[in-house]
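Dear colleague,

Please find below the structure that I am handing over to you, with its sequence. My findings follow directly after it.

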Amino acid sequence: MAEFHLNVDEDGIATITWNVPEKAMNVMSSQGLAELDAHIDTVLGDDNIKGAVITSAKPDFAGGMDLKELGAARVSARDNPAQAIFDNVMHGHRILRKIERGGMDPKTLKGGKPIAAALPGTAAGIGIEVALACHRVFASDRPGPQFGLPEILVGIFPGGGGTVRMLHKVGMVNAMQLLSQGKMLSADKAAKAGYLDEVVPADDLISRAKDWVRGASDADIVKPWDKKGFKLPGGHAYHPAGMMNYVGAAAMLHGQTKGAYPAPKALLAVMYEASLVPFDAALEIEARWMTSVMMDPSSAAMIKSLFINKQALEKGANRPAGVPDMRVQKLGVLGAGLMGAGIAHVSAKAGIEVVLIDQSQEAVDKGKAYSEAILDKAVARGRSTDEKKAAVLDRITATADYAALKGCDLVVEAVFEDVGVKADVTKLAEAQLGEGVILATNTSTLPITDLAKASRDAGRFIGIHFFSPVEKMALVEIIKGGDTGNEAVAKALDFVRQIRKTPIVVNDARFFYANRCIVPYMNEGLRMLREGVNPVLIENAAKQMGMPLGPLQLGDETAIDLAYRIGKATQAAMADAYQPTGTEEVVEYLYEAGRYGKKTNAGYYDYDEAGKRQGIWRGLSEKFPRAEDQPDVQEVINRLALSQSFEAVRALEDDVLLDIREGDVGAILGWGFMPWSGGPFSYLDILGAGEAVRLGEELATKHGATFEPPKLLRDIAAAGDGFYARFGSQSKAAA
Ligand code: NAD
């Protein structure tokens, strides 16, 4: 099936239109690239054609490369994968370079044909890379579309000439700023940043591009870097000015990534090396680094978890079959505290009518003001308008009157973490609601099956667990109670899709999935602290392995009094079955010192009056003196990484987790589990199950049962398998 179509008008201007069948957004596959190549050959070879415009028949231009194809590149190129990847990337370079040269004589730079890009909407990744190879880039002024090179976010970097062309077009400092963060910009901003040439009225897009092609001279189509005497904007890496920038960029990048990710390092290396050589050699350097990144298991794992599987879950991979569309029309939220206010906000923003309830008008007004404050900030930053803000706030009815819940088809409860209070509000709400409604609780610790007892229909009762702050955190954990039915699951999934978050569906057990795994990570940090490991070593090892927060900082952020109370409640609930974690003494010490964490400006860390984190609190070493022998940083890393990963495996063994894709995606989005690894199951696959068992056994003899390798891991190791090899992209239930 054709993905690119060629038309030639009576003036001899060709239009190459991208329109991948059966897809809402164009993505580039090897098939598409071959078609584009053939059309370019026609344009350049046919004397009746004067030039071309490359555009799209869809509202947007392109979403990027076909990441499924890219993610599989290493595996599909069996014999000599590095060579195959390199050849492939170079093949792409040659096609785009052919567009850029337009058939001109490379010596005289004359006789080429002008080729313009006309972008009707969003162009990402290869979409922008194709445009950058053209001689002029036009974009429609329609509001909404975004333009840029976001590859870094899925563990690669722009390898279709995007890194080298951006470097040559806007200089290293600007290119690095855009590419190292995967920034997508509006048309106006992208034009200002220098990678779109003209932003024109949507209706005139093609005609303006054709006009330009018609009038373009030989000189108009020669890229600056193909002219003699070209100087790289900002200077190359050995230039006095450029040198300073490269040194700074290396330090800044390392500060941001702690060296945990292969792609940003490769990105900077390309910028450095490419700045010193002629353009075609620069492209070859880009291809070599791209090959190195694609050969690193991290990139395939990141593409798999952060793109392919994340998207599959968002599209309802685990939605019960046969349940009709359950999208929410009117949502009730019980409790207008931190969580309730956040849930009301994101729902109203997604266009859902919301009734927000609390004990008093004052409390709900405060909850609604939370939304107003977020919207005010967005307006001030130019990300929203006063009209949009008013429309969102209009959708939130803030009241203490339960009668306002009439007509709601989903109610999410977010009152105090107390079984009695939750039961009371469930009953009060149900008294106002029709039979079909689904009741959900945002509890973080209480079993859903128990809370469902207060409801008249446990089959229509479910956990929908948000993370704080709701407006920022992408993950939502949906928890099935013992009696929860399929309609409730479908409702929760449809709701999460409406508010554009990523769902995982898990079974009901203490701490569900995310909190269950993050606790061993924090505990391991505290255990080391108690043993006399230098807290700075603990925190830095965590950063070095790619965790966003060290266990002590995380303790401060999540509040130490909360950890203390949850610890006490767990002990009470488990009674004789409770196994001390070896962290009780540390938490109690902080709790008794009134150091509750960031909110009290005092925790494992000291804070200044403005709440800015300072150094580690000296009181820690008074109580837990530093041991003379400090462990190797790799041992600290292994303890922090395996404590979480083994718990994820146990959650799978216990049937809390039903799908390793959910386990991986949920871990990255829920608690920032080393994104470079693709999640705990991908991490264990990268490490190798056999090596993970060996490390676990070694650590278990020194540091206890946390590290006892789970049986499933041992099985997988014994079979010479991996988690994805065994479960693939199927859920565990289906495997
Ligand atoms: P919060 O204390 O900020 O808010 C609770 C709100 O419930 C308060 O506004 C309170 O007035 C209201 N409330 C209490 N009793 C009520 C009643 N009888 N009727 C109506 N409203 C009542 O707490 P929060 O942090 O928003 O947590 C709410 C729920 O979300 C808890 O179950 C908590 O475990 C869970 N949760 C919290 C977080 C978090 O990070 N804070 C994360 C996930 C889940």
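Of the contacts in the chain (heavy atoms within 4.5 Å) with a separation of 6 or more, 73% are accounted for by residues 24 or more positions apart. Please note that this is a predicted model, in which local features need pLDDT of at least 70 and side-chain atom pairs count only at pLDDT 80 or more, while totals for chains, interfaces and linings use all residues. Residues are numbered from 1 along each chain as its sequence is written, and side-chain values use heavy atoms, with hydrogens and water left out.

**Overall build**

The chain holds 31 helices and 21 strands; helices (H or I, at least four residues) and strands (E, at least two) are DSSP runs, numbered from the N terminus. Its radius of gyration is 28 Å, close to the 27 Å that the globule rule gives for 735 residues, so the chain is as compact as a globular protein of that length. That radius is taken over C-alpha atoms, and the globule rule is 2.2 Å times the number of residues to the power 0.38. The C-alpha trace spans about 85 × 65 × 55 Å along its principal axes. Buried residues make up 54% of the 735 in the chain, where buried means under 20% relative accessible area, exposed over 50% and partly exposed in between (1.4 Å probe, protein chains only).

**Domains and annotations**

The chain is divided into domain 1 (1–146 + 184–222), domain 2 (151–182 + 223–295), domain 3 (330–512) and domain 4 (515–727), with bounds that come from an automatic or database domain assignment. The centres of domain 1 and domain 4, taken over C-alpha atoms, are separated by 47 Å.

UniProt, in an unreviewed entry, gives "domain: 3-hydroxyacyl-CoA dehydrogenase NAD binding" for residues 330–508. Over residues 330–508 the chain is 39% helix and 22% strand, and the end C-alpha atoms lie 27 Å apart. The unreviewed UniProt entry also places "domain: 3-hydroxyacyl-CoA dehydrogenase C-terminal" at residues 512–607. That span is 62% helix and 3% strand, with its end C-alpha atoms 32 Å apart. UniProt positions are given in the numbering used here, feature names are shortened, and annotations may be inferred rather than shown by experiment.

An open sheet of 8 strands has the order 14-13-12-15-16-17-18-19, and its pairing is mixed; two strands pair if DSSP finds at least two bridges between them. Strand 14 (396–399) and strand 19 (502–507) are the edge strands, each pairing on one side only. On average, neighbouring strands of this sheet are turned by 25 degrees against each other, direction ignored. Axes here are lines fitted to C-alpha atoms, for helices over the stretch in contact, and angles run from 0 to 180 degrees between N-to-C directions.

Strand 12 (residues 330–334) pairs with strand 13 (residues 353–357) in the parallel sense over 5 bridges, and Leu331 has Val354 in strand 13 as its bridge partner. Helix 15 (residues 361–380) packs on the sheet and touches strand 13 and strand 14, its direction making about 155 degrees with that of strand 14. Helix 27 (residues 660–671) also packs on the sheet, touching strand 18 (475–480) and strand 19, and its direction makes about 120 degrees with that of strand 19.

Strand 15 (residues 410–413) and strand 16 are parallel partners over 4 bridges, with Val412 opposite Ala440 in strand 16. In strand 16 (residues 438–441), Ile438 and Ala440 point one way, Leu439 and Thr441 point the other way, and all are buried.

Strand 6 (residues 115–119) and strand 8 (residues 136–140) run parallel and are joined by 4 bridges; the bridge partner of Ala116 in strand 8 is Arg136.

**Two individual residues**

Val421 is placed in helix 17 (residues 419–430) and is partly exposed, with a relative accessible area of 29%. The C-alpha atoms of Val421 and Leu6 are 66 Å from each other, and the two residues are 415 residues apart along the chain.

Gln571 belongs to helix 23 (residues 560–574) and is partly exposed at a relative accessible area of 27%. Not counting residues up to four places away in sequence, Gln571 touches Tyr578 and Glu584.

Yours sincerely
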